[in-house]
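I opened this notebook to record what I looked up in one model. The entries run from the whole chain to single residues.

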Amino acid sequence: EEILDSWQEECQRDRIVLALPPSLLSIRELDLPVADRKRCREILPLELKGELASDADESVYEALLLANNKTAAIWSKQSLLAEEIQSLAAHGFDPEVITFSLFNWKQLLPEACDGAVAVTDGESVAVYLDRKPLFFRALPKSGDNPLAATITAVELAKKVTIEKVFTLGTASPGSSPE
């Protein structure tokens, strides 16, 4: 709150990008042969109807094609997103873009990045195969080493070996998120 208040005057003409925490989203890998993201977003509510607990709070959907020719179905409740937007609006900020940073980490990978690699900020992990998205997950806040457990599960399920783990901020490959 204090930081937002201090930025009110100096940031009024700036472009506001709201990067939401990965805990606000759900991800499911699906076998959807649709390559058109817009068409995929139309199909996802029907595909996921049995997975969603209630229709009382409509979800916002996105689709991302993965390296293994599957689709990552991504969704979040509108009310959760609205809370975050309203919090910024109360301080005079109107975000132009709303995103989850883990879906943009490919841009941080070196140009010559072959094989399977992971990127983590300690809260979530993204796995890329030859610079193409393969897997995304918000890491649990408890457990001995959720990153190591996730990497092992991805390696077994996807039949890949993660060659390198890139870390962002204060995250470390062996640390648990706090």
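**Entry 1: Conventions.** I worked from a predicted model, in which local features need pLDDT of at least 70, side-chain atom pairs count only at pLDDT 80 or more, and totals for chains, interfaces and linings use all residues. I number residues from 1 along each chain as its sequence is written, and side-chain values use heavy atoms, with hydrogens and water left out.

**Entry 2: The whole chain.** I looked up the secondary structure and found four helices and nine strands in the protein chain. Helices (H or I, at least four residues) and strands (E, at least two) are DSSP runs, numbered from the N terminus. Along the sequence I read the pattern α-β-β-α-β-β-α-β-β-β-β-α-β.

I then turned to burial. Of the 178 residues in the protein chain, 35% are buried; buried means under 20% relative accessible area, exposed over 50%, and partly exposed in between, with a 1.4 Å probe and protein chains only. The accessible surface comes to about 10,800 Å², and carbon and sulfur atoms hold 49% of that surface. These areas come from the Shrake-Rupley method with a 1.4 Å probe; for residues, only the protein chains shown count as cover.

For contacts (heavy atoms within 4.5 Å), I noted that residues 24 or more positions apart account for 56% of those with a separation of 6 or more.

**Entry 3: An open sheet.** I traced three strands in the order E2-E4-E3, with antiparallel pairing. Two strands pair if DSSP finds at least two bridges between them. Strand E2 (26–30) and strand E3 (59–65) are the edge strands, each pairing on one side only. The twist averages 25° from one strand to the next.

Strand E4 (residues 71–77) pairs with E3 over seven bridges in the antiparallel sense, and Tyr-61 stands opposite Trp-75 in E4. Helix H3 (residues 78–89) packs on the sheet, touching E3 and E4, and its direction makes about 65° with that of E4. Axes are lines fitted to C-alpha atoms, for helices over the stretch in contact, and angles run from 0 to 180 degrees between N-to-C directions.

I also inspected the hairpin of E3 and E4: five residues lie between the strands, and Asn-69 in the turn has a positive phi of about 65°.

**Entry 4: Aromatic pairs.** I found three aromatic pairs. Rings of Phe, Tyr and Trp (its six-membered ring) pair if their centres lie within 6.5 Å; planes under 30 degrees apart count as stacked, over 60 as edge-to-face and the rest as tilted. Phe-100 and Phe-103 are edge-to-face, 6.4 Å centre to centre with 90° between the planes. Tyr-128 and Phe-136 are also edge-to-face, at 6.1 Å and 90°. Both Tyr-128 and Phe-136 are buried. Phe-100, Phe-103, Tyr-128 and Phe-136 form one aromatic cluster.

**Entry 5: Leu-81.** Leu-81 touches Leu-20, Val-60, Ser-76 and Phe-100, not counting residues up to four places away in sequence. Leu-81 and Ile-98 are 17 residues apart in sequence and 8.9 Å apart in space, C-alpha to C-alpha.
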